[in-house]
Amino acid sequence: MIKKAFKQFRLGVKSPGQAARVLASEAKMRAGVRTLRSLELAVTWICNLDCAFCYAEDLMKAQKKPPNMTVDTVRKLLKDARDLGLIHVNITGGEPMVRSDIYDVVDAIPKDIVCSLVSNSTLLTEDKIDKLAEAGLSTIQMSYGDYYLKAFKRDLARYCVEKGISVTLSVVNIKSERDNIKYAFEMAEEDDFSVLFNYPMIYNNVGVDSEYYWKMRYHPRCREDNLFWSGKDRCPAGTHKLYVTNDGDVMTCDRIHAIYGNIHDEPLADIHKRMYDQFIKHKSFCLLETCTDQWRINNEKSGHNYSEELIGTNDDPFNVFEGTKLMEGSIEGSTTAKQMHASRVQSTKQGKEPEPSKS
């Protein structure tokens with residue numbers, strides 16, 4: 001664990017200011033002080049791909065004319081989040097690189113905040129990487145797996161490292177991807193990358209490859225959401241980590257789309273306090289889990305005994321909180337995604353496939 005912590009710290013942190021904030025945040029969290037550590041931030045709903053397993057499909061396709069979050073909004077949000085203790089922001093979407101002003105978005109992030117960006121890498125070039133580095137990007141997460149093999153360019157990933165941007169190969173830990181994940185670890189060792197284990201959601205997907213997941217989870221080059229920024233084997237969603245959508249809706253996780261507030265309607269501090277007070281009482285290894293057998297395995301492997309009462313449901317593939325007490329305090333939100341959600345739930349109850357979304 002110590003070796004892993006040092007490796008991830010070295011790969012993620014790029015300045016003394018960032019290092020100081022990360023260490024201070026770790027101390028506050030372990031002392032039980034309420035603090036926001038990590039933010040997933042969608043800055044666009046536009047994407048140049050149409051992946052069948054996209055975790056944000058319901059949000060992206062609910063938009064008829066999807067405006068991008070403005071740079072001023074990003075700047076204000078990050079100032080407010082920094083005041084709450086933020087040490088890391090992950091820019092996502094959509095595909096962030098579709099924005100011509102993505103460099104301004106990155107530049108709007110305070111420089112003592114670790115900034116990462118998720119990309120399918122299809123739009124990356126050396127010139128764009130140069131501009132991202134100049135804007136202050138710390139890490140780029142490149143999607144990797146069967147669907148992305150044609151788009152992924154190893155030489156371009158190596159170029160990122162040369163320019164001072166750490167590279168994380170972002171994978172979904174399922175059995176059909178095991179060979180790709182093994183190769184991702186080989187590249188990580190050879191080229192000084194890391195590998196991000198994404199816990200699979202239930203939308204057009206299958207359960208976690210538990211054997212390989214637990215075999216590699218503590219590898220020094222393996223990033224994992226529950227461990228990397230929360231510092232312990234407990235899900236940080238809703239407490240130390242939040243997801244803010246392109247519309248300003250605030251959720252616990254980018255793969256669980258229950259909405260608990262909107263930054264355009266009330267201060268982020270109020271939303272975070274309300275969510276923190278609710279979710280700090282709900283301890284789990286991963287709130288995304290819906291399988292009782294996997295829940296027990298995770299408890300055994302992590303050395304905890306988290307209650308099975310918090311296991312999610314399969315009523316809505318984009319919201320495992322549906323029908324559970326974790327929906328308490330949720331709101332409808334600012335988009336038409338609620339209507340799509342209702343349609344999916346109804347189709348599931350009737351044993352039918354949901355109708356294709358229309359944008």
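**Close-up views of a predicted model**

**View 1. The largest pocket and what surrounds it.** In this predicted model, 50 residues line the largest pocket, and the ones nearest its centre are Phe53, Cys54, Tyr55, Ser143 and Tyr148. Several elements give two or more residues to that lining: strands E1 (38-42), E2 (88-92), E3 (114-119), E4 (139-143), E5 (166-172) and E6 (194-198), plus helix H3 (57-60). Strand E2 gives the most, with three residues.

View 2. The largest pocket holds about 970 Å³ of space. Sort its lining by class and you get 21 nonpolar, 17 polar and twelve charged residues.

View 3. Look for Gln18 in helix H2, which covers residues 16-30. Is Gln18 buried or exposed? Its relative accessible area is 4%, so Gln18 counts as buried. A polar atom of the Gln18 side chain sits 3.2 Å from the backbone oxygen of Lys111. Setting aside residues up to four places away in sequence, Gln18 touches Gly12, Val13, Lys111, Asp112, Ile113, Val114 and Ser138.

**View 4. Leu132 in the largest nonpolar core.** This core has 85 residues, and Leu132, Phe197 and Phe321 touch the most other members. Which residues does Leu132 contact, leaving aside neighbours within four places in sequence? They are Met97, Ile102, Tyr103, Val106, Leu117, Leu124, Leu137 and Ile165. Another core, of eight residues, lies apart from the largest one, with Trp45, Ala56, Leu59 and Ile259 among its members.

Note on methods: Residues are numbered from 1 along each chain as its sequence is written. This is a predicted model: local features need pLDDT of at least 70, side-chain atom pairs count only at pLDDT 80 or more; totals for chains, interfaces and linings use all residues. Side-chain values use heavy atoms; hydrogens and water are left out. On a 1 Å grid over the protein atoms alone, a cavity is a set of points where a 1.4 Å probe fits but cannot get out, and a pocket is an open set with protein on both sides within 12 Å along at least five of seven lines; lining residues have an atom within 4 Å of a point. Grid points are joined across faces, edges and corners, and a volume is the space filled by probe spheres set on the points. Helices (H or I, at least four residues) and strands (E, at least two) are DSSP runs, numbered from the N terminus. Ala, Val, Leu, Ile, Met, Phe, Trp, Tyr, Cys and Pro count as nonpolar, Asp, Glu, Lys and Arg as charged, and the others, Gly among them, as polar. Buried means under 20% relative accessible area, exposed over 50%, partly exposed in between (1.4 Å probe, protein chains only). A polar contact is a pair of N or O atoms within 3.5 Å; within protein, one must be able to donate a hydrogen and the other to accept it, and residues adjacent in sequence count only if both atoms are side-chain atoms. Contact means heavy atoms within 4.5 Å. A nonpolar core is a set of buried Ala, Val, Leu, Ile, Met, Phe, Trp, Tyr and Cys residues joined through side-chain atoms within 4.5 Å.
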